[in-house]
Amino acid sequence: MQRYWDEPLSWTNAGIFTLGAVAVLAVVIVFVTYAIYFERKVIGWMQFRKGPNRVGPFGLLQTVADVAKLLLKEDVIPAKADRALFILAPALAFVPSFAVLAIIPYGMNLQFADVNVGFLYYVALSGVTTISVVIAGWASNNKYALLGGMRSGAQMISYEVPLVLSVVGVAMMTGSLNLREIVQAQEGYFWNWNFLPQIIGFGVFIVSALAELNRTPFDLPEAESELVAGYHVEYSGFRFAFFMLAEYVYLYAIACLTTLLFLGGWNPPLPQLDFIPGIVWFILKFLFIVFSVFWIRATFPRLRVDQLMGMAWKVLVPLAILNILVTAAGIQWFGWGG
Amino acid sequence: MTTRTEELLLNVGPQHPSTHGVLRIVVKLDGEIVTEAEPVTGYLHRGTEKLAESLNYTQIIPYTDRMDYVSAMTNNYVLCYAVEKMMGIEVPERAQFLRLIAMELQRIASHLVWWGTYLLDIGALSPFLFAFNDRERILQLFNELCGARLTYNYMRIGGVKWDAPEGWIDRVKQFVKDMKSHLDEYHNLVSGNEIFLSRVKGVGAYDARTAIEYGLSGPNLRCTGVKWDLRKNEPYCIYDRFEFDVPVGKNGDCYDRYYVRMEEIRQSLRILEQALEQFPPEGETMGKVPRVIRPPVGEVFVRIESPRGELGCYIVSRGKAEPYRLKFRRPSFVNLQILPKLLVGESMTNLVTILGSIDIVLGEVDG
């Protein structure tokens with residue numbers, strides 16, 4: 001892809017960019033479809049249930065049927081809602097979630113855009129989604145939605161701080177925010193990967209990422225038992241589908257990021273396994289993260305809103321700062337990183 | 001422009017996933033902090049007590065099923081017990097055992113429903129399904145016993161309607177054995193979880209004095225350390241023949257209520273084990289009962305320990321086949337009264353935690 005970025009814009013490379021974007025979108029849509037299926041199957045398995053098994057072979061078409069249902073539903077906008085904002089919010093949630101995927105490298109040469117400040121780009125764009133959640137909560141003109149939107153705003157802003165701080169250690173060791181270069185710096189086998197020297201950062205990153213994704217045990221914004229469904233309580237049909245889509249696309253993005261930043265990207269774990277192509281390793285690590293997220297959902301209860309804030313500011317931020325200190329010491333005295 | 005803050009009036013329920021039915025709570029919120037809460041009940045009121053005045057005693061039994069529909073066996077029992085006490089009817093040994101086994105199984109089933117839904121309120125999905133898996137086995141046993149899964153109509157004045165089918169006692173024995181190990185698994189999964197503990201420890205606490213003043217009973221009273229269990233203190237049925245402990249808490253918070261209920265499952269299993277060992281191999285299941293049940297003129301009040309607390313039944317008879325007045329002391333209704341006091345100053349999240357820990361069944365609250 002890089003070649004086309006360097007050329008001046010013409011009809012040809014505009015077409016190629018569009019095709020590339022459509023390809024990424026297709027991959028993501030297929031991922032979301034089967035991530036939902038996988039989630040339901042995994043959780044069903046953990047709860048002695050069968051999960052979806054009626055639509056298509058092994059229930060493989062269940063999500064397709066669900067999406068079709070959502071798309072065909074009547075488009076309901078509450079009478080007292082703020083119409084313009086109500087319509088804007090789902091789009092605002094989805095667009096950045098998809099845009100962040102542009103920078104993710106799947107292999108040495110398999111990347112849509114090679115951005116120098118890749119991680120920063122991710123953080124900046126994903127922050128926009130927070131706004132959409134607050135807008136959705138406000139525009140619905142529903143008290144539950146408002147509470148959910150406010151919680152969500154507070155949560156996502158708070159957890160972005162430890163999320164970014166936890167990656168600073170990786171950036172210091174690599175000397176770059178470019179995701180491809182971060183993986184290149186982890187060249188080698190599992191003892192070369194970042195999760196070992198950056199174990200504190202890795203832990204903080206995983207916890208903050210779960211909170212950013214609004215997933216158990218941090219699923220407060222949509223805490224069903226208290227707020228009915230949180231900020232999207234008034235949404236139905238395809239607008240609701242957009243929120244769901246955004247959520248799962250972020251799951252995809254976070255799983256990719258974890259793989260790239262801490263688990264060595266497409267590098268095989270052991271020298272004996274070199275013959276397996278890098279993309280397979282990438283997918284395996286990625287699926288492991290996705291599976292773990294579902295696993296956590298089946299296991300843990302939910303935190304309380306004040307505990308959630310306390311955890312971000314009193315536990316995760318100090319830990320992330322400690323990690324930066326340790327990394328700096330490691331680079332200075334033990335020659336970590338390049 | 002001057003900014004102005006005002007309290008948010010939020011209507012929780014009657015359709016809300018965590019009010020466990022059709023309870024409505026009108027809460028005033030300052031941000032997310034509750035400043036005032038008022039439970040509104042009556043959405044499921046069917047007038048059981050009034051209806052009973054035009055029914056004969058046997059006909060009332062199915063109505064009691066529908067009060068606390070999570071624990072129908074104990075409701076059946078309290079009515080039969082009251083009438084039997086009034087008329088001095090002797091219940092045969094085998095029927096007594098069947099009643100006791102049914103009631104203790106019901107207590108386990110009821111506490112399992114509570115456990116599952118409580119964890120669901122707190123945000124954990126899986127315990128709900130685990131609990132319902134075990135409860136399903138109990139329902140299956142009841143189904144074999146009386147042909148119904150929820151509203152059993154099993155007990156009759158003077159005994160029980162059906163004898164235990166072939167091999168039923170062995171299946172109950174097997175269930176008790178399995179349930180014991182499952183209970184340990186449940187403790188492993190939930191009871192030590194840091195997130196769970198931080199959600200329930202110290203939340204919704206009250207002391208023994210407050211509990212007694214509000215008339216609380218059952219686990220809601222025992223969580224404060226008051227050792228009061230009617231099965232021990234005023235034994236009915238044949239509870240005085242078995243050995244069991246009365247688990248009590250100390251701090252009166254949500255965790256202690258959780259702990260007391262979980263321990264009660266263990267004690268119920270203990271009672272069941274002994275009862276199944278001593279189960280008489282044969283005998284009558286119905287005592288000698290006149291064809292038309294006409295209790296003598298007078299009144300009676302009996303109370304038993306239902307899974308939710310003290311379930312009382314008060315009957316005034318004028319010597320007719322129908323009661324002149326029938327009144328149930330419904331523990332859910334009484335226990336609910338402390339809710340407004342507990343909720344003030346708590347967040348919306350704790351509202352759900354506290355309401356869940358009181359363990360109400362709306363069929364019983366509304367009567």
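Two strands pair if DSSP finds at least two bridges between them. Helices (H or I, at least four residues) and strands (E, at least two) are DSSP runs, numbered from the N terminus. Keep both terms at hand for the hairpin below.

This is a predicted model, in which local features need pLDDT of at least 70, side-chain atom pairs count only at pLDDT 80 or more, and totals for chains, interfaces and linings use all residues. Residues are numbered from 1 along each chain as its sequence is written, while chains are lettered from A and ligands numbered from 1 in the order in which they are written.

**Stop 1: colour by confidence**

Colour by pLDDT, the predictor's confidence in each residue, from 0 to 100. Chain A has a mean of 84, with 96% of its residues at 70 or more. Chain B has a mean of 90, and 100% of its residues reach 70 or more.

Now go element by element. In chain A, confidence is lowest in H9(A), with a mean of 64. It is highest in helix H8 (residues 199–212) of chain A, at 89. Where pLDDT is low, the predicted coordinates should not be read in detail. In chain B, strand E1 (residues 8–12) has the lowest mean among the elements, 86. Strand E7 (residues 309–317) of chain B has the highest, 93. For the complex, the predictor gives an ipTM of 0.81 and a pTM of 0.88.

**Stop 2: chain A**

Select chain A and show the cartoon. It has twelve helices and zero strands. Its radius of gyration, taken over C-alpha atoms, is 21 Å.

Buried residues make up 45% of the 338. A residue is buried if 20 or more other C-beta atoms lie within 10 Å of its own, exposed if 12 or fewer, and partly exposed in between; C-beta atoms are placed from the backbone.

Select Phe48(A), in the loop between H2 and helix H3 (62–72) of chain A. Its phi is positive, about 55 degrees, although it is not a glycine. Phe48(A) counts as exposed because it has 11 C-beta neighbours inside 10 Å.

Next, Asn141(A). Find it in the loop between helix H5 (118–139) and H6 of chain A. Asn141(A) also is not a glycine and has a positive phi of about 55 degrees. With 16 C-beta neighbours inside 10 Å, Asn141(A) counts as partly exposed.

**Stop 3: the interface**

Show both chains. Two residues are in contact if their C-beta atoms, placed from the backbone, lie within 7 Å. By that test, 26 residues of chain A are in contact with 25 residues of chain B. On the chain A side, these elements give two or more residues: helix H2 (11–46), helix H6 (143–174), helix H9 (224–227), helix H11 (278–299) and helix H12 (305–333).

**Stop 4: chain B and its hairpin**

Select chain B: 15 helices and eight strands. Its C-alpha trace spans about 80 × 50 × 35 Å along the principal axes. Buried residues make up 50% of its 367 residues.

Zoom to E2(B) and strand E3 (residues 33–40) of chain B, which pair in the antiparallel sense over seven bridges. Pick Val26(B): its bridge partner in E3(B) is Glu38(B). The hairpin has two residues between the strands, and Gly31(B) takes a positive phi near 70 degrees.

Move to Leu29(B), in strand E2 (residues 24–30) of chain B. Buried or exposed? Leu29(B) is buried, with 20 C-beta neighbours inside 10 Å. Beyond four places in sequence, its contacts are Glu7(B), Leu8(B), Leu10(B), Val34(B) and Met348(B). Draw a distance from Leu29(B) to Glu277(B): the C-alpha atoms are 55 Å apart.

**Stop 5: the core**

A nonpolar core is a set of buried Ala, Val, Leu, Ile, Met, Phe, Trp, Tyr and Cys residues joined through C-beta atoms within 7 Å. The largest here has 191 residues. Those with the most contacts inside it are Val249(A), Leu251(A), Ala253(A), Val78(B), Ala82(B) and Ile101(B). Helix H4 (residues 93–122) of chain B gives the largest share, 18 residues.

End on Ala82(B). Not counting residues up to four places away in sequence, Ala82(B) touches Val300(B), Val302(B), Cys313(B) and Ile315(B).

Note on methods: Rg over C-alpha atoms; globule rule 2.2 N^0.38 Å.
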